[in-house]
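Here are some exercises to work through with the model open in your viewer. Try each task before you read its solution.

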Amino acid sequence: MQSIYAMLQNGSDSLDKEEKFLFQSIDNIRDLYLIMISALMELRNAEEDYLEKIQKKHIATPEERNPNKKFVNNIVLKQLYESNALSIALEDRKVYNWKNNDDYILLLLEAVKESELYKNYMATRTSTFNEDRDFVAALFDEVIAPNEKLYEYLEDYKLTWVDDIPLVNTAISKQLKSLTPPQEGREFLLIPRLYKDLDDKDYARDLFRKTVLNNNELAKEFIDKTPNWDAERIAELDSIILKMAICEFLKFPSIPAKVTINEYLEIAKEYSTPKSSIFINGILDNLIKEYQESKKMMKTGRGLM
């Protein structure tokens with residue numbers, strides 16, 4: 001939707017260029033995931049560096065000579081640090097954000113240490129895997145993900161991430177909570193795939209191309225269904241949402257019509273005006289009835305209506 005909106009707004013006629021930007025934006029979701037998950041690893045490393053420095057102080061207190069290393073010895077954090085899959089992915093995508101901006105890690109570490117979650121966790125010196133996992137998951141949910149400074153940094157670094165942050169944070173939260181104790185010969189952390197399979201990627205490309213290439217034809221499908229609205233009065237985003245939904249009705253026979261309506265109503269609620277979802281729902285409902293009567297919309301498979 002955003003790629004189509006950008007293309008129509010800037011009057012671009014380079015489909016290949018805009019499609020390339022679309023897939024770059026999708027690929028960048030992986031980078032955002034890597035930045036967020038590696039922040040946990042870098043927090044541990046920063047604390048380990050700090051503990052090593054205070055132990056070497058010329059005049060160190062007994063507590064400084066023998067600090068509580070429960071945080072740096074946290075099994076989950078250590079496994080992230082030692083993860084081959086994570087190291088390879090960071091190198092492959094050239095994600096060096098925290099090496100270049102370690103001040104944000106120090107700000108995060110300060111927020112971590114000030115939290116009641118951290119203080120309660122550090123009240124003892126030993127732990128189980130389950131305690132370590134639950135602590136890291138809660139730390140991510142309650143301290144790291146909501147951190148305003150981190151959010152501002154991510155927003156400034158790549159504007160397209162604003163909409164991806166909740167998606168990525170939810171995925172990481174679920175992943176952390178489902179971690180199991182490390183086993184020899186098994187990768188502790190699996191880097192999620194961007195696409196379930198090639199069909200998913202093809203769908204993104206096809207929806208983008210078919211909506212853009214049939215822009216005028218798709219608009220004609222709903223213009224005469226809005227007698228109380230001039231075409232110019234329909235919000236630009238509403239128009240694009242309608243075109244994408246109608247494109248799915250007519251050119252994606254395997255996608256259930258109800259699924260299409262539900263998805264685009266959610267998009268309208270998130271991105272458009274307060275009344276947009278009601279407006280869009282009314283038009284799409286009428287179009288489905290019309291397409292069913294005329295057999296213009298042919299869905300294949302079971303339960304696709």
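What follows is a set of tasks, each with a worked solution.

A quick note on ground rules: this is a predicted model, where local features need pLDDT of at least 70, side-chain atom pairs count only at pLDDT 80 or more, and totals for chains, interfaces and linings use all residues. Residues are numbered from 1 along each chain as its sequence is written, and side-chain values use heavy atoms, with hydrogens and water left out.

**Exercise 1. The largest core**

Find which residues of the largest nonpolar core touch the most other members, and work out which helix gives the most to this core.

Step 1. Buried means under 20% relative accessible area, exposed over 50%, and partly exposed in between (1.4 Å probe, protein chains only).

Step 2. The largest core has 50 residues, and Met36, Ile37, Leu40, Phe71, Leu154 and Leu176 touch the most other members.

Step 3. Now go through the helices (DSSP runs of H or I, at least four residues, numbered from the N terminus). Those supplying at least two residues each include H2 (15–55), H7 (102–114), H9 (129–144), H10 (148–157) and H11 (165–177). H2 comes out on top with 14 residues.

Step 4. Zoom in on Met36. Skipping residues up to four places away in sequence, Met36 touches Phe140, Ile144, Leu150, Leu154, Val168, Asn169 and Ile172. Touching, or contact, means heavy atoms within 4.5 Å.

**Exercise 2. Ile144 and its surroundings**

Is Ile144 buried or exposed, and which residues is it in contact with beyond four places in sequence?

Step 1. Ile144 is found in helix H9.

Step 2. Its relative accessible area is 0%, so Ile144 is buried.

Step 3. Beyond its sequence neighbours within four places, Ile144 is in contact with Met36, Leu40, Leu43, Leu108, Leu139 and Leu150.

**Exercise 3. The largest pocket**

Work out which residues lie nearest the centre of the largest pocket, and how its lining divides by class.

Step 1. Pockets are found on a 1 Å grid over the protein atoms alone: a pocket is an open set of points where a 1.4 Å probe fits, with protein on both sides within 12 Å along at least five of seven lines, and lining residues have an atom within 4 Å of a point.

Step 2. The largest pocket holds about 1,600 Å³ of space. It has 38 lining residues, with Leu22, Ile26, Ile29, Asp164 and Leu167 nearest its centre.

Step 3. Helices giving two or more residues to this lining include H1 (2–9), H12 (198–213) and H14 (236–251). H2 gives the most, with seven residues.

Step 4. By class, the lining has 24 nonpolar, four polar and ten charged residues.

**Exercise 4. Positive phi**

Which value does phi take in Lys94, and which in Lys295?

Step 1. Recall the background: most residues other than glycine have a negative phi.

Step 2. Lys94 has a positive phi of about 55°. Lys94 lies in the loop between H5 and H6 (97–100) and is exposed, with a relative accessible area of 59%.

Step 3. For Lys295, phi is positive and near 60°. Lys295 lies in the segment after helix H16 (276–294) and is exposed at 60% relative accessible area.

Conventions. A nonpolar core is a set of buried Ala, Val, Leu, Ile, Met, Phe, Trp, Tyr and Cys residues joined through side-chain atoms within 4.5 Å. Grid points are joined across faces, edges and corners, and a volume is the space filled by probe spheres set on the points. Ala, Val, Leu, Ile, Met, Phe, Trp, Tyr, Cys and Pro count as nonpolar, Asp, Glu, Lys and Arg as charged, and the others, Gly among them, as polar.
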